[in-house]
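Here are a few notes to go with your first look at this one. Have the sequence and the 3D view open side by side and follow along.

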Amino acid sequence: MDSQDNTELSESFSDLSRKLPENCVEYLLFVLDIELDARNLLSELENIRKAATQLCDNIAKGYIWQRDSFRLRLERDQDLVFLRGATDYGDSVEDEWLIVYLLRELTRSFPNLWVRIFDSDGEFLLVEAANVLPKWLSPEIDGNRTWIHDQKLYILPLTASSGVKRSLSLIEAVKYIKSSPDALVHSTFVEAEAFYRLEKYPGHVTDSMHHSLVTIPRKLLYILHERPSTIAPAVEAFYLRDPVAMKPLASPSGNAHFPPEDLVTVSVKFTKVLFAQLKSQRFQPPPTWNAVFEAAEKQASGTEGSQKRLAQLEMGMKVTSGFEMLASDASKKDNRLAREFAMLLEDVEEDGAQVLPTDEEIETWEDVHKEDDESWLDINYEDFEGELEGNRSSRKGSKGGFGDSSAQANLQRMVSRFEAFLNDDKAGIEGAELEDMDEDDELSDEDEDSDDEDKEVGFDEEQFSRMMREMMGLPAVQPKDSETVVGNSKGAAARDIIEEEGDGEDIKQLAAQMEAELKELGALRLDPELENFKAIEATDKAKSKGKARADQGQAADNEEESGEEEVDVDYNLAKNLLESFKSQAGMAGPAGNILGMMGLQLPRDEDEEEDE
């Protein structure tokens, strides 16, 4: 193995060891300026880190991250010095796109800033632009080729890897950008598709929030008012609960952190993802909440207002249960918000009720009674069909179509692409064939690989015939020399026939050859011959009882279908098939599968047991 192979192998193992966890996005920020020395480089990176923090505070102020927030730290890797960040976005993919938007905006203020961003699925920006990518750019070779600079998307060409179709190492990519920045590929089509989801920002930061009135203990209200973002780990603890996490709620006389006492109804801010996760869960109230729900149900008069208060109590019970489960091991979690909640809870329990807000103080809070419409949770399928067709809903009383304008555009875009693919006569089993946007003629390697793959899938008629003989228990045929030559030529002809796609006549010819060979073996012989019946009769004399039953069944069939001639059965073939089926002992096996494909369902072999 040469040095190049060793290098590629070490890089592949390095990539495996540094594989991102699921639902995690990583981003790398480089200052690529050959005029900067090491000291000035560190100073510039620190300025970028502070600017990124300030930008996040301005754009994402009040935003609730699903798990981790946007953050950067200084990193050194071999000869590279840069800023690195990683965010676990959980079930909220909007967190990932918000980070893309922040980084793209950051490159506006720093002309020497180059950004790499990828997630556990790889180059997700290229996945968004898959419909317009150049053909040479495949997932196998796109590593470290996608960069954001000056709010634009750049792709490193094949020349960055000396024309070899492989992924680049991080050092190779940085060196190439420094040496040949003008050689990078910038396609407005690819960029528009990759950044399509960013069009809704920054307004989407506010649109993704949801306020809902819930009834919760005053102690919990204080924590949520001090740290609104702690709702995220609490909802996740509730949504991903298990029997161990449920233990703090199981005992009716347990020492709960948030007992259902001194309840208040206030507005709590969620993201739409968190609210949907909480709302969709069916959850039996813990024993400590039973008395509260019984009293609320007795007071409910069936009016809309009373039912609404009952729903607010149910949502508050879910929120409180989530915080109760989170409190059991919050200090041990890796989540920063969970640890902040644990410290705040400890302070509240030490200070007691004196720190809790009064009703008068609560009324002075902003948006304390705010409640957003929940209709976005409901899907009307008539509206949905209308949005797919690009029409606004005309239902009486409808205030708008399904979702917002961006949701409608996404739906139309998705359906149009899918229909275009289905109507594409040139589309094959490998999926949509994309337009070639790069005049790259270096496709000889792919052609050779394709030819090799076709050869590997070739059909060997002689080997197939031999395997069928062995499975059915037929004696092996020893061909003569001349027959061997003919057989080999027939096998080669069969391979050539299979390799040519869409040639129906050749396939029919091959099927005819196989049918002729099976007839020679007696598997498809339908002409009655007396010798075979004599052989069967002579062999089955010892099984007179079974033979008598078979004769009775045959006589009955002859009465119903008197016009049919007797069918010859190859004794050895039938005997081996039945023995193979019997050896399966009722389980799945080759004989049962073959007979099932032929539409034959054999009964259990109970006659022999009865005879014994």
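**Notes on a few backbone spots**

1. Let's begin at Asp150, which comes out as partly exposed because its relative accessibility is 39%, between the 20% and 50% cut-offs. Keep in mind as you read that this is a predicted model.

2. Where does Asp150 lie? Look in the loop between strand 5 (146-149) and strand 6 (152-155). Phi of Asp150 is near 55°, a positive value, and the residue is not a glycine. The two strands form a hairpin with two residues between them, and that is the setting for this positive phi.

3. Now for the strands themselves. Strand 5 and strand 6 pair in the antiparallel sense, over four bridges. If you want a landmark across the pair, take Trp147, which stands opposite Tyr154 in strand 6.

4. Which way do the residues of strand 5 point? Thr146 and Ile148 go one way, while Trp147 and His149 go the other, and all are buried.

5. You'll find Gln78 in the loop between strand 2 (73-77) and strand 3 (80-88). Is Gln78 buried or exposed? Gln78 counts as exposed, because its relative accessibility of 65% is over the 50% cut-off.

6. Last stop: the peptide bond between Tyr201 and Pro202 is cis, with omega at about 5°. Pro202 lies in the loop between helix 6 (188-194) and helix 7 (203-207).

How values were computed
Residues numbered from 1 in each chain as written. Predicted model: local features only at pLDDT ≥ 70, side-chain atom pairs only at ≥ 80, totals over all residues. Heavy atoms only, no water. Buried < 20%, exposed > 50% of the residue type's maximum accessible area, 1.4 Å probe, protein only. Pairing = 2+ DSSP bridges.
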